[in-house]
Every structure is written in C-alpha cells, then in structure tokens.
Amino acid sequence: MELRQLRYFVTVVEEGGFTRAAERLHLTQPGLSAQIKQLERALGQQLLDRGPRTVTPTAVGAAVLEHARAALAAADRIEATVQEFTGLLRGHVRLGVISGAAGEEFDVAAVLAGFHTDHPAVGISLTEDTADAMLAALDRGDLDIALVGLTGAALAPTVGVETVLETPLVAAVAADAPPGPGEHAGTIPLRALREHRLICLPPGTGLRGVFERACAAAGFTPDIAFEAAAPPLLLRLAAHGLGTAVVPGLTPAEATAAGVRALDLVDPPLRGRLALVWRTDHTGNPAARALLGQLRLALAPAH
C-alpha cells in the first residue's frame with residue numbers, strides 16, 4: 001500500500017468515477033484503475049463498487065476512506081512542517097490591520113518586506129478595516145491574522161490573542177478652553193462627559209467600543225458630534241474648540257504640539273488594547289503561522 005494509491009482512492013470516491021478522477025489526477029483511466037486494483041489486492045478487500053454510471057465505496061471502502069483522508073492530511077502536515085524548517089514556504093497569508101496602525105510605531109510594512117525576502121513564494125494580502133469588521137472576517141476564515149483594537153467584547157474561544165500595546169484613554173480639549181464641569185487637576189470623571197459634545201473614532205473601532213461600553217455601564221449615551229478614523233484629526237477638531245476628543249493617551253509634549261489639554265479619564269479609568277489575533281483552530285496554513293511568529297517578535301512590547 002502506497003500513499004499515492006490512497007490519494008487515488010480518495011479522488012475516485014470524491015469524483016464518483018474513474019474518468020473524472022483520472023482527469024483531475026492527470027492520469028490515464030486504465031492506469032488509475034490498475035493502481036486502485038493494486039491497493040485492493042494489498043488490503044485483501046474490494047473498496048469500490050464499480051457501477052455502469054457511478055463508482056461508490058463498499059462498506060469496507062467507506063470505513064477505509066476516513067483513515068485514508070486522515071493519512072493524507074498527516075502527510076501534508078509533515079511536508080508543510082519540513083518546508084517551514086527549510087524556508088520553502090508556499091501559500092498565501094491574509095493580514096488585516098486597523099486604520100492608522102501600520103505607522104512608524106508598528107512598522108508592519110517592514111515586517112512584511114522581511115518576510116517576503118525570507119519566503120518569496122508566499123503571497124501576502126493586506127487590508128485595513130475596523131476591529132469589528134476584521135474580527136468578523138477572521139471568524140469567517142477570510143483573514144488569517146489581524147492587528148486590531150479590542151472593544152472589550154468577549155472573543156470566541158477559538159481566537160488567539162496577544163496584546164502588543166495598552167494605552168489609557170484621555171479626554172482632549174482645546175488648550176485655551178476654560179475648565180469644564182468635573183475637571184480637576186488634569187482629570188475628569190467619565191460621567192462628566194455626559195454634558196460634552198464628543199469627538200471619537202468611528203463605530204467598530206476598539207477604542208470606540210471600550211468607550212461606549214463604559215458609558216453604557218455609567219448609564220448614559222455619549223453625544224458624538226464628530227467622527228474620524230485618525231486620532232490626529234480628532235485632536236485638530238478638539239484644538240479648534242469643536243468638542244472633547246476621546247483619544248489614546250498623550251504625553252505633555254504631544255498635547256502641547258496638538259494645541260490641546262489632555263485630561264485623564266477617571267471613575268473609571270479606561271484603557272485600550274491593540275492586539276494580534278488569529279484563529280487557533282485553523283492550523284493548516286504554515287505560512288500564516290510563520291508570519292504570525294514574525295509579527296509577534298516584531299511587535300512585542302518592550303520591557
């Protein structure tokens with residue numbers, strides 16, 4: 001019994017006949033038939049009922065079919081594992097990142113360039129979208145890996161998560177704005193934002209999800225006056241007095257340069273998390289596993 005004979009047997013069953021199976025395998029029909037007969041002789045059992053129109057597995061063949069598929073899958077995994085160690089990776093990886101994440105702090109382009117140099121036979125797709133959209137794509141199998149902002153919603157148990165950045169959320173107001181209700185010593189309670197016109201990231205983003213969940217827990221719906229995908233634009237809107245921007249934490253120098261005053265959110269303090277996510281139950285793509293390893297190394301938080 002040979003592995004290729006098991007592959008031939010599975011293909012005949014899947015195609016329901018020798019003619020289509022031979023075309024799929026690029027073999028002659030007599031040659032394929034001879035290989036299946038050799039397999040049956042080796043096992044001492046007839047595996048296929050050869051009807052005038054269709055070919056179906058016998059009771060023994062149906063039992064063997066499951067094990068044949070498992071053996072072929074194991075052989076494929078062995079080959080893929082060897083390819084990982086020899087640098088002969090092939091295939092395609094689909095990566096998603098949230099808008100604005102692939103900047104200087106997270107140089108995803110540099111990681112992809114290095115990966116392509118090491119594995120030129122692997123195709124890579126890169127898309128930008130919101131966290132909610134990419135988590136849904138990951139669940140559907142349309143993405144292999146994503147760099148997302150977590151919203152605070154529970155993730156499926158089949159999703160692996162590794163946090164690469166944690167940041168507090170702050171409220172940013174125009175630098176020359178008078179102190180507002182609740183503002184004290186550079187802080188503002190979350191409930192005080194009930195009275196503010198707010199400037200936020202769009203729905204579906206991680207920070208927006210964290211903020212809206214906290215507002216709901218505090219018993220109010222935030223008044224969102226402006227939305228933009230880029231935090232620098234949120235800050236510019238706030239600097240012009242158009243509202244209070246809810247943004248990732250700012251250093252004093254960053255706040256001064258943007259023309260805003262950053263207020264730490266308290267009661268409760270809020271934090272956003274940027275994370276790599278992937279499906280733990282889809283392990284058949286060695287190229288995706290290899291790229292995930294490169295991203296985890298490159299984006300690991302400094303200690």
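**Figure 1. A185 is placed in the loop between strand 6 (159-174) and strand 7 (187-189).** The model shown is predicted. At A185, phi is near 50°, a positive value in a residue that is not glycine.

**Figure 2. The loop between strand 11 (260-266) and strand 12 (271-279) contains P268.** The peptide bond that leads from D267 to P268 is cis, and its omega is near 5°. D267 lies in the loop between strand 11 and strand 12 as well. Although D267 is not a glycine, its phi is positive, at about 50°. The relative accessibility of D267 is 52%, and D267 therefore counts as exposed, given that exposed means over 50%.

**Figure 3. Helix 10 comprises residues 286-299.** This helix has 14 residues. From the first C-alpha of helix 10 to the last, the distance is 20 Å, close to the 20 Å expected at 1.5 Å a residue. Which residues of helix 10 are buried? They are P286, A287, A288, A290, L291, L292, L295 and L299; the class requires a relative accessible area under 20%.

**Figure 4. The whole protein has ten helices and twelve strands.** Taken along the principal axes, the box filled by the C-alpha atoms is roughly 90 × 40 × 30 Å. The radius of gyration of the protein is 28 Å, whereas a compact globule of 303 residues would have one near 19 Å. Of contacts between residues at least 6 apart in sequence, 75% join residues at least 24 apart. Buried residues account for 41% of the 303 residues.

**Figure 5. The accessible surface of the protein amounts to about 15800 Å².** Carbon and sulfur atoms contribute 56% of this surface. The protein carries 25 positive and 32 negative charges. Between the mean position of the positive charges and that of the negative charges, the separation is 9 Å.

Conventions: Residues are numbered from 1 along each chain as its sequence is written. This is a predicted model: local features need pLDDT of at least 70, side-chain atom pairs count only at pLDDT 80 or more; totals for chains, interfaces and linings use all residues. Side-chain values use heavy atoms; hydrogens and water are left out. Helices (H or I, at least four residues) and strands (E, at least two) are DSSP runs, numbered from the N terminus. The expected span of a helix is 1.5 Å times one less than its number of residues. Buried means under 20% relative accessible area, exposed over 50%, partly exposed in between (1.4 Å probe, protein chains only). The radius of gyration is taken over C-alpha atoms; the globule rule is 2.2 Å times the number of residues to the power 0.38. Contact means heavy atoms within 4.5 Å. Accessible areas come from the Shrake-Rupley method with a 1.4 Å probe; for residues, only the protein chains shown count as cover. Lys and Arg count as positive and Asp and Glu as negative; His and the chain ends are not counted. The place of a charge is taken as NZ of Lys, CZ of Arg, CG of Asp or CD of Glu.
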